[in-house]
Amino acid sequence: MLQTDQYNINIGPIHPSTHGGLHVEAVMDGETIVDAIVHVGYVHRAVEKIAESRTYTQFIPYASRLDYLASHLPTMGYVQTVEKMLDIHVPERAEYIRIIMGEFSRIASHILFVGSLAIDLGATTGFTYCMRDREKILDLFEMTSGQRMIASYMRFGGFAEDLPEEFIPAARNFLKNIPQMFDEYNHLLSGNEILQARLKNIGVLSAEDAINYGITGPNLRASGVDYDLRKAEPYGIYDRFAFDVPLGEKGDNYDRFMVRLQEIEQSGRIITQALDQLPEGEIRAKIPRIVKPEKGLEVYHRIESAKGELGYYIVSDGGEKPYRLHVRAPSFINLMVLPLISRGGKLQDIIANIATLDPVLGEADR
Amino acid sequence: MEHFFVNTAHALVAWLTGLGLAPGWADLILLVVQWIAVIIIVILNITVLIWLERKVSGFIQQRLGPNRLGPFGMFQTIADAIKLLTKEDIVPSQTDRMIFKTAPMVFIIISVMLYVVIPMGDGMEIVDLNVGLFYFISIGSLSTIALLMAGWGSNNKWSLLGGMRSVAQMISYEIPLAFSLLGVVMITGSLRMSDIVAAQSNIWFVVLQPIAFITYFISATAELNRGPFDMPEAEQELTSGAYTEYTGMRWALFFLAEYTNLVAVSALMATVFFGGWQGPWLPSWLWIIIKTYLILNVFFLIKWTFPRIRMDHLMSFSWKFLIPVSLANILLTGAGIEVLMRMGW
Amino acid sequence: MYGTGLLKGLGITLKHTFEREITQQYPEQMPVLPARFRGNLQLDFQDCIACEMCTKVCPNGVLSLESVRDDKTNKKKLMSYSIDFQYCMYCNFCVENCPKHCLHFDHNFELAAYDRENIKKVYQRPQELVTDLPEEIVAAEEKNQKRISVMIGALQKDAPKILGKLLEDEEKGKVLAAALASDQDKLEKIAVMMVEDIEKAKKVAGALANKAAKDHPKEGNVVA
């Protein structure tokens, strides 16, 4: 054997495929990864500290900015946590609209995942097709709240405004097009032999490792663990809908890709049912103008966000502002498994691994 | 129209000898003129080509592509070239200056040299070498050196990885590239380009040699470093690979050379497999342009559709699949020729 | 068979090549915006009762207002309202909490500006509404305006001396006066500051003088 030297190479923080400010220090032997060290914190915005200096209401737009790719879901988690503190009952219609907006956010996030995976592997056109389809969801968001990406639409006890009239036909129209969208993705991406060779049996994460590392969300389900908070611990009104939890077998990159593709379909199912059952009525519960939870109240609430289990832990000191707010960010925890699944792979695999772990750095660094 | 360029060349030589110049000198001047013509055509063609690729990729992605400057945005490339020319020329302090600066020049010189043997019409080769095909392959493989120089001279880990990848890739794909052309050479019995074109007056070699064509197409894509085999550049992995440290016109020279290579290889493909300049009604030089551009569009479509292949898959694909297949093709061709000769063709 | 997936992918892209493009040619073709679109924040000055609900609810301190209390009716009158748009998160809280519905987002989204000053939007009380104010405030305002115009006149006449006095340094005053001679806007701003807040004027003038001395050292010497 030839004598070879190991060298370090810095992937990021400024690199075309690190999804924001992620910095991975790779220890390499030729093109083979010996070890990878994840450095996070380049997009640190002190969101948890900001929460301590804002009133409960004022934190809503900041919560949306955690996972800006699926902005309704982190907002929903925060709003439900505070409602749990105050013991507010949300009107039926608002609950249904929350499901609809949340699942649309999940679809938007997963479509972007497919697109960014495609471009990280070099298939530029797959990315643009995904962005094209995601725009349609953003149009729906714009219709409801006036904002495309970071729509602060949810409020404590419900919503700011009711759905506009043209929303339901437009949403149904989007759902109708999902099969056609899938056809395109399957032919262009998942059926492509080069893509399969790049993803299959790469970055394998076993079920035990996934549980030990605290991985949640699609990444955990790709390893074959049937754990979805919407089923395991139904929050809101998720227990009223019929949907499947897609599972992977091996936990490799291809499974993580396919699980998310199938989740788009399941989210579509949930939205269809919610649109069918959508009742008329109030959109917002009566709540005091100034939110002041009791002193010493501590609440933890978690939801299944697009990236995994998103939890909020809030401590109240009886004032207008939270005493402490902690976010359990799934992206941060999921990212920590990157060295484990990258060891022994090639340089090109680590790019695919980052892409399939689907971190959003705004949430990981907070 | 058919013999417009050939007649112009003859007239030029006749005029020069009429002035009292020795015929040898007149030929030399003609050669220089032809060279300058090639360089001008190459550069003009590439401005059109870059525009075309951006337009085609735009259409593939349901966009419009450049459309602001000139009719259909055709002057966009010129504007870009002006921008690149006016940019600051940065040579990072830790580079190997000599190698860093010469690499782009080496690359572009090598790629322009390829045009010497391509027949651009009936009797329109600059030099009709008797080892034309051999010359093309051997000069083409030299461009590895330029990429290695760029990768090494930049003194950057990404660049070095890009340069090393290009060496590994181009050397492995050189072999199936040469082997796939060997089948054609066996049928024509000549390495001279004009003979190869003449041999296709009845039937194109793409029909007689489909396996050779496919292996040639794949290995040519790899030789050109185009997607899905764009390993040395690999934007998403190596930022820009061997070109990471280059700015302004030096970087543009690499870009130019890549496209020059692309056109040369497509023209060779048209010559060897699609009957060269032969075709009905239109003048011969127009036919080769049409054929080359059609092949270029296929290259564009492939690049913009497929994800990038992995480096080790790429190598094993060449050594374990393409080389055996192209060898089998040589065997098959040899057997076929033998059988047909015995049958008295 | 190996390779069919590749061919299907090529088929998809080839199909889309000949389809109509879906992009909008933006500056020529403006997007159709939904009714709830949040663009530029607008205030109906007349309706505002200066209750400060919006400034209290704003998460980022974008909004600020100045008001005076009318002693007769015991009602607040809005004097000026400023929106520092660079910090706005478009959360819509101010619009929702406004009891008089005098804030709203319009559909203008072309808000880019070359410098920060232009992003900030300040509503001053319009002239026709000034008479609406309590008398003593109107009188004070008029007096103030008069003093400012006198100050501007004086500055235009003999800038080096006044500025030298302000800066307690004649050399600096001359440099600054030379620099400001071509910049009427800044001169007027300094005049306003000198009337309203002399300490601030000193600071700003000092900084400007230092900058002028740095930028044009030669010119400064010539003047000196």
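## Salt bridges between chains A and B

A salt bridge is counted here when a side-chain nitrogen of Lys or Arg lies within 4 Å of a carboxyl oxygen of Asp or Glu, and by this rule two salt bridges are found across the interface of chain A and chain B. One salt bridge joins Asp349(A) to Arg310(B), with 3.0 Å between the closest N and O atoms. Side chains of opposite charge can pair when their charged atoms come close.

This is a predicted model, in which local features need pLDDT of at least 70 and side-chain atom pairs count only at pLDDT 80 or more, while totals for chains, interfaces and linings use all residues. Residues are numbered from 1 along each chain as its sequence is written, chains are lettered from A in the order in which they are written, and side-chain values use heavy atoms, with hydrogens and water left out.

## The interface as a whole

The contact (heavy atoms within 4.5 Å) involves 32 residues from chain A and 24 residues from chain B. Together the two chains bury about 2,500 Å², of which 59% is on carbon and sulfur atoms; buried area is the accessible area, found with a 1.4 Å probe, that two parts lose on being put together, summed over both. On the side of chain A, the residues that lose the most area to chain B are Glu31(A), Ile194(A) and Gln348(A), which together make up 21% of what that side buries.

## Salt bridges within chain A

Over all chains, the count of salt bridges comes to 38. One of them pairs Arg230(A) with Glu103(A), whose closest N and O atoms are 3.2 Å apart. This pair links distant parts of the chain, since Arg230(A) belongs to helix H11 (residues 229–232) and Glu103(A) to helix H4, 127 residues apart; a helix here is a DSSP run of H or I with at least four residues. Arg230(A) counts as buried at 4% relative accessibility, and Glu103(A) is buried too, at 0%, where buried means under 20% relative accessible area, exposed over 50%, and partly exposed in between (1.4 Å probe, protein chains only).

Arg148(A) takes part in a salt bridge with Glu135(A), at 2.7 Å from N to O, and in another with Glu142(A), where the closest N and O atoms are 2.7 Å apart. Arg148(A) is partly exposed at 26% and Glu135(A) is partly exposed at 33%, whereas Glu142(A) is buried at 6%.

Key
Helix = DSSP H or I, 4+ residues; strand = E, 2+ residues; numbered from the N terminus.
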